[in-house]
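Let's take a friendly walk through a protein model. Have the sequence and the 3D view ready, and follow along as we go.

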Amino acid sequence: MPTLTKLYTMEEASQHNTKDDCWVVIDGKVYDVTPYLDEHPGGDDVVLAATGKDATDDFEDAGHSKSAKELMLNFCIGELDTSAPIIPELEIASKKETANYSRNLMDLTKQYWAVPVAIVGISVVAGFIYLRKK
């Protein structure tokens, strides 16, 4: 069934990710929210963080009111082209680095377990020698 609105790919929508040109994708629709950024109650950073991906979950999790959903209709510029390939969502680097850090720490612990054991062993022997001399 043909659609009357313009179709955009996720790649096209993700290119509009600045304060001067901001598009978000919610429920398969593309919204140009650039003029609303300064008025958004949560601040423009929240909206800018939702660009370049399907922001439906972010929008629903924020608990927007019925009037907010009605206001969105003013900013709708088209629909998401579902036949186009979807670009993968970017992973947050800090989560990945944290996982790598903890994995590296565990590897080091497994490799160098002898050092702390030797320190404890030497301390115990030194303690016994000290107590014997008394």
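## A word to know first

A residue is called buried when its relative accessible area is under 20%, and exposed when that area is over 50%; anything in between is partly exposed. Keep in mind that the model you are looking at is predicted.

How many aromatic pairs does the model have? The count comes to two. One of them is formed by Tyr-8 and Trp-23, whose ring centres are 4.9 Å apart, with 70° between the planes. An angle over 60 degrees counts as edge-to-face, and that is the label this pair carries. Tyr-8 belongs to strand 1 (residues 7-8) and Trp-23 to strand 3 (residues 21-26), so their pairing ties together parts of the chain that are 15 residues apart in sequence.

Tyr-36 and Phe-75 also form an aromatic pair, this time a tilted one, at 5.6 Å centre to centre and with 45° between the planes. Where do these two sit? Tyr-36 is in the loop between strand 4 (29-32) and helix 2 (44-49), while Phe-75 is in the loop between helix 4 (66-72) and strand 5 (76-80). The pair links distant parts of the chain, 39 residues apart. Tyr-36 has a relative accessible area of 19% and is buried; Phe-75, at 16%, is buried as well.

Five of them form an open sheet, and the order across it is 1-5-4-3-2, with mixed pairing. Which strands lie at the edges? They are strand 1 and strand 2 (17-18), each of which pairs on one side only.

In general, strands of a sheet pair through backbone hydrogen bonds, and they can be parallel or antiparallel. Strand 4 and strand 5 run antiparallel and are joined by three bridges. To find a bridge partner in your view, look for Lys-29: its partner is Glu-79 in strand 5.

## The cysteines

What about disulfides? The count for this model is zero. A disulfide would need two cysteine sulfur atoms within 2.5 Å.

Cys-76, by contrast, is partly exposed, at 29%.

How values were computed. Residues are numbered from 1 along each chain as its sequence is written. This is a predicted model: local features need pLDDT of at least 70, side-chain atom pairs count only at pLDDT 80 or more; totals for chains, interfaces and linings use all residues. Side-chain values use heavy atoms; hydrogens and water are left out. Rings of Phe, Tyr and Trp (its six-membered ring) pair if their centres lie within 6.5 Å; planes under 30 degrees apart count as stacked, over 60 as edge-to-face and the rest as tilted. Helices (H or I, at least four residues) and strands (E, at least two) are DSSP runs, numbered from the N terminus. Buried means under 20% relative accessible area, exposed over 50%, partly exposed in between (1.4 Å probe, protein chains only). Two strands pair if DSSP finds at least two bridges between them.
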